Amino acid sequence: MAVSLPRPHRVDVSIAALSLVCGVVLWSLGLHTSPGRMLDGTWALIPLAVLACLELVRRTAPQTALALGTLAMVADQFTEGNLASLMMFTDIVYAAVVYGTPAAARRIPLTTGLVTVAVTIGFLAWFQKPEAILIGVLTGVVSFGPATTGVLVRNHREATEAAKLRAEQTALLAEMDRVQAVTAERARMARELHDMVANHLSAIAIHSTAALSLDNPETSKDALAVIRENSVEGLAEMRRLIGILRSDSGDLEPAAAPTLDGLGALVAGARTNGLDVALDDARAPEGPKLPAPVELAAYRIVQESLTNALKHAAPGLVTVSLAQEPRALTIRVTSPYGDPSGPRAPGSGAGVVGMRERTELLGGTFEAGPETSADTDHDGKVWSVFATLPVDPADEGAKE
């Protein structure tokens, strides 16, 4: 089975070729690092060639290159030596720390440091001359110095990669936040558009259908008056919403954010559109003012419930009840449940979804569906909408 060798990096090929050429030139000129050794002549070219070959795998197999390079350097001590061999060995030590495993990067500097100390003490004890310290210094320059430099370079490179990774993660989180913000804003604007316009358009659809189906001039005139009133109010609400969306508009919020103080007008408009509505507001007249988000959500829930009653409810009494508890505002809207006898407007179900979303955004609870009641003439069935909106007492005090 053939074993494929790792392909050397272009920089490593250049280093190996240049070092080999320089070493051959130095050898041909007779420039040796240790003349007069046991092996002279061409023997110095063997460690030189081995180290040049190991330079080819300094990046792909750094630990193997270091092990074989150490043996080649030991063998070079028995020859006259070559400065190029010495330089290649230092580069192999450096590459083993930079490109090796994390364990090797920790182990090599410690090992070379211990070897440097051992060589210094050993030669000093052998020669018993101060000049022996120079051998230890040379050993440290050849081994411990490159290893320490490799540690610094590796740490800097890892810190750079970690900073780059953190920057990418931060950019990704920022993009996710931006997408979520855009999605939330789109959902909010969709709810506002539905709540502001659906009531008027539903009334227009129902009364226009009645005007077309009844051949009575007086009834048609009343229906057209209701249609005109709802059209004007719907267009006004649409203009305010479009004004918010325009980039060159100075409006940052709706011109008049609806509050529960406008429930009377809302109920009056529903009666004008043909609903029989009873409002039961059990809140204390002098009670603390509710937070603006709670008032807006409560108003929109009542508005959408009346719109749904206008579109789908059977003839009968529609009741709107509000109660203030110590930590919550409760809203209940009931309407007769059955087949409506008059014209009806189509529905998409977005109203119930919007009411539920408004309630959940404030941490409240929402329920909508048919239930049995003894106070109805329609087989004891009503459609009930019940919402509980939490009120933080701290927020109440802040709003006063």
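Reader: Which residue forms a salt bridge with Glu55?
Author: Arg58 does, and the closest N and O atoms of the two are 3.5 Å apart. A salt bridge here is a side-chain nitrogen of Lys or Arg within 4 Å of a carboxyl oxygen of Asp or Glu. Please note that this is a predicted model, in which local features need pLDDT of at least 70 and side-chain atom pairs count only at pLDDT 80 or more, while totals for chains, interfaces and linings use all residues. Residues are numbered from 1 along each chain as its sequence is written, and side-chain values use heavy atoms, with hydrogens and water left out.

Reader: Is Arg58 buried or exposed?
Author: Arg58 counts as buried because its relative accessibility is 4%. The cut-offs are under 20% relative accessible area for buried, over 50% for exposed, and partly exposed in between, with a 1.4 Å probe and protein chains only. Glu55 is buried as well.

Reader: What about Arg58 and Asp91, how far apart are the closest N and O atoms?
Author: They are 2.7 Å apart, in another salt bridge. This pair links distant parts of the chain, 33 residues apart: Arg58 is in the loop between H2 and H3, and Asp91 is in helix H4. Helices are DSSP runs of H or I with at least four residues, numbered from the N terminus. Asp91 has 17% relative accessibility and therefore counts as buried.

Reader: Which residues are linked in that network of salt bridges?
Author: The network joins Asp12, Glu55, Arg58, Arg59 and Asp91. A search of the whole structure finds 8 salt bridges.

Reader: Changing topic: how many aromatic pairs are there?
Author: The search of the whole structure gives 3. In one of them, the rings of Trp126 and Phe127 have centres 5.0 Å apart and planes at 10°, so they are stacked. Rings of Phe, Tyr and Trp (its six-membered ring) pair if their centres lie within 6.5 Å; planes under 30 degrees apart count as stacked, over 60 as edge-to-face and the rest as tilted.

Reader: Which residues do ring pairs link into a cluster?
Author: Phe123, Trp126 and Phe127. Trp126 is exposed, at a relative accessible area of 62%, and Phe127 is partly exposed, at 39% relative accessibility.

Reader: And where does Leu29 lie?
Author: Leu29 is in the loop between helix H1 (10-28) and helix H2 (45-55). With 60% relative accessibility, Leu29 counts as exposed.

Technical notes
Helix = DSSP H or I, 4+ residues; strand = E, 2+ residues; numbered from the N terminus.
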